[in-house]
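Here is a short tour of one protein model. Keep the structure open as you read.

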Amino acid sequence: MRPTTLELRPELPLCQSDLPLDWYQEEFRPYAEEYLALPDRRPETILRYLERYVDPAREHFGDALLLLAHFYMGGEIVKLVEHFGGGVADSYQLALQARNSPEKKVIVESAVHFMAEAIAILAHPDQTVWITNPKAGCTMELLAKDWMVLPVADQLLERYGDDLLTIAYMNTSGRLKALAGRTGGAVCTSSNAPKVVEWARAKGKRILFVPDQHLGRNTAQRLGIDLARVPMLPAPGAGAIRIEDTAGGLDALDRSEMILWGSSCGVHTIFTPEMVRTFHEQGFEVYIHPESPLEAVLEADGSGSTSYLWRKVAEAPRGARLAIGTEGHFVENAKVLGASRGVEVRHLADVPGFAQSGCGCATMSRNDPPHLAGMLDLLRRGEAPEANRVLAGDVLDDRTLEVDRLDDAERAELIRDARLSMERMIEIVERG
Ligand code: SF4
């Protein structure tokens with residue numbers, strides 16, 4: 001992982017908003033109370049607070065400790081994690097960290113649950129993976145739970161048999177990654193989705209693409225697949241899905257090259273072609289994440305993963321003006337990076353009359369400084385709550401924190417299948 005090059009500047013206030021005390025697990029409340037009583041949210045103040053807990057934990061675990069955060073993490077926590085020797089990356093790079101660093105035995109992640117689970121799927125048996133706040137779910141994944149998708153996959157498999165394979169976007173639970181493995185498919189991320197879909201097409205297979213309809217449609221369009229042959233299944237969340245209720249019925253499915261699951265990301269669906277045109281009229285180049293609607297992506301100058309968007313800002317010439325369509329905290333950090341290089345960066349939704357400008361991933365932001373402090377301190381003291389431990393196959397209720405955990409034999413089977421789908425992705429990317 002390359003450092004982000006972001007700086008922790010004392011005068012920069014944290015944009016992470018405080019969570020109410022009753023949102024913290026009981027074990028984390030003392031850390032939250034102390035945090036909420038701090039006089040301000042400046043990095044200097046937060047650093048002093050964190051050092052009291054992070055430094056003893058780093059000393060206790062030494063090189064065995066690995067701190068990780070995703071680019072979308074709220075406020076300045078990516079900088080704080082980096083400051084304490086951790087790594088910040090996109091979901092693909094995060095997933096590889098445990099696998100590529102066998103000397104790291106205790107992995108603490110500040111991001112959403114499916115990302116931590118992906119790390120756990122590829123982890124070595126003596127590595128443990130922890131999430132600082134297990135309530136950090138993903139709204140896209142929430143509408144593609146295993147109990148929603150697996151019965152539909154069974155109907156499709158009954159109709160198409162071995163002709164159907166599943167491509168599971170990284171934003172899925174391990175149980176869906178295992179479905180991809182079982183059906184001869186692979187995992188993909190927003191950066192490698194075109195390569196993975198091409199790989200599946202070369203096999204002559206029909207693809208079930210879960211869960212993000214926009215990434216699936218954008219990828220199909222980019223590869224020149226006729227969108228009339230990319231039907232979407234009935235909307236998830238409103239009861240059991242029957243495949244014959246797909247728009248166009250079974251005929252549409254029989255003619256399909258790729259079948260889309262109907263979930264999406266609330267953070268990325270806000271972008272419109274009008275927003276892109278507004279920024280073009282002001283002389284901005286526009287780059288957008290492919291979880292956004294196709295119409296907006298088609299108007300933009302380029303589309304790609306968070307790493308792609310970060311590179312666009314990092315490599316833009318002095319004086320460039322860029323509007324970035326993705327998660328708000330990421331864009332805030334990109335603005336800081338741009339300003340340090342004489343590049344103006346704006347959020348694509350920052351247009352007159354649009355109230356949600358700069359909206360960040362609210363669930364990811366639930367991993368705030370008190371969660372990082374508490375997690376590390378509780379781990380050091382051997383008192384970490386089991387709900388924060390992430391094992392492959394876990395399904396967590398993010399309200400009650402009840403975990404539906406597989407037994408050892410079931411977990412071993414899931415890891416075998418899910419790993420297969422992830423290893424296929426890694427092979428496709430590395431070969432490419
Ligand atoms: S930005 Fe969207 S897709 Fe990404 S973790 Fe947040 S809710 Fe999920």
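## Two helices side by side

Axes here are lines fitted to C-alpha atoms, for helices over the stretch in contact, and angles run from 0 to 180 degrees between N-to-C directions. Two packed helices are described by the angle between their axes and the distance between the axes. The model itself is predicted.

Start with helix α2, residues 43-61. Its axis and the axis of α16 come within 9 Å and cross at roughly 25°. Angles under 35 degrees count as roughly parallel. Therefore α2 and α16 are roughly parallel to each other. Their crossing is left-handed. On the α2 side, the contact uses Ile-46, Tyr-49, Leu-50, Tyr-53, Val-54, Pro-56, Ala-57 and His-60. On the α16 side, it uses Pro-369, Leu-372, Ala-373, Leu-376, Asp-377, Leu-379 and Arg-380. By class, the contact of α2 with α16 holds twelve nonpolar residues, one polar and two charged.

## The sheet from β1 to β4

Helix α16 (residues 369-380) also lies across two strands, β3 (106-110) and β4. It runs at about 165° to β3. These strands belong to an open sheet of four, ordered β2-β1-β3-β4, with parallel pairing. Which strands stand at the edges? They are β2 (87-89) and β4 (128-131). Each has a single partner strand, so one side of each is left without a neighbour in the sheet. Neighbouring strands of this sheet are turned by 25° against each other on average, direction ignored.

Strands of a sheet pair through backbone hydrogen bonds, either parallel or antiparallel. Look at β1, residues 65-70: three bridges link β1 with β2 in the parallel sense. Leu-68 stands opposite Gly-87 in β2.

## The sheet from β5 to β8

Another open sheet of four strands has the order β6-β5-β7-β8, and its pairing is parallel. Here β6 (186-188) and β8 (258-260) are the edge strands, and each pairs on one side only. The twist averages 25° from one strand to the next.

Strand β5 (residues 164-169) runs parallel to β6, and three bridges join them. Find Tyr-169: it stands opposite Cys-188 in β6. Helix α8 (residues 174-182) lies across β5, β6 and β7 (206-210). Its direction is at about 145° to β5.

Strand β9 covers residues 285-288 and β11 covers residues 321-325. They pair in the parallel sense over four bridges. Tyr-287 has Ile-324 in β11 as its bridge partner.

Strand β9 also runs parallel to β10 (residues 302-303), joined by two bridges. There, Ile-288 has Ser-303 as its bridge partner.

Helices α14 (residues 306-315) and α15 (residues 328-340) have axes that come within 9 Å and cross at roughly 25°. That makes α14 roughly parallel to α15. The crossing is right-handed. From α14, Thr-306, Trp-310, Val-313 and Ala-314 meet Phe-330, Ala-334, Leu-337 and Gly-338 of α15. This contact has six nonpolar residues, two polar and no charged.

How are α9 and α17 set, parallel or perpendicular to each other? Helix α9 (residues 193-202) packs on helix α17 (residues 408-431) at an angle of about 105°, with the axes 10 Å apart. Angles of 65 to 115 degrees count as roughly perpendicular. So α9 and α17 are roughly perpendicular to each other. Lys-195, Val-196 and Trp-199 of α9 make the contact with Met-425, Ile-428 and Val-429 of α17. By class, the contact has five nonpolar residues, no polar and one charged.

## Around the ligand

Which residues lie around the ligand? They are Tyr-72, Val-112, Cys-138, Thr-139, Met-140, Asn-171, Cys-265, Val-267, Glu-327, Cys-361, Thr-363 and Met-364. By class, this shell divides into eight nonpolar residues, three polar and one charged.

## Two backbone details

Val-210 and Pro-211 are joined by a cis peptide bond, with omega about -10°. Pro-211 is found in the loop between β7 and α10 (213-222).

Leu-401 has a positive phi of about 65°, although it is not a glycine. Look for Leu-401 in the loop between β13 (395-396) and β14 (403-404).

Definitions and conventions. Residues numbered from 1 in each chain as written. Predicted model: local features only at pLDDT ≥ 70, side-chain atom pairs only at ≥ 80, totals over all residues. Near = placed C-beta within 6 Å. Nonpolar A, V, L, I, M, F, W, Y, C, P; charged D, E, K, R; others polar. Pairing = 2+ DSSP bridges. Contact = placed C-beta atoms within 7 Å. Parallel < 35°, antiparallel > 145°, perpendicular 65-115°, else oblique. Left-handed = near helix turned anticlockwise from the far one by under 90°.
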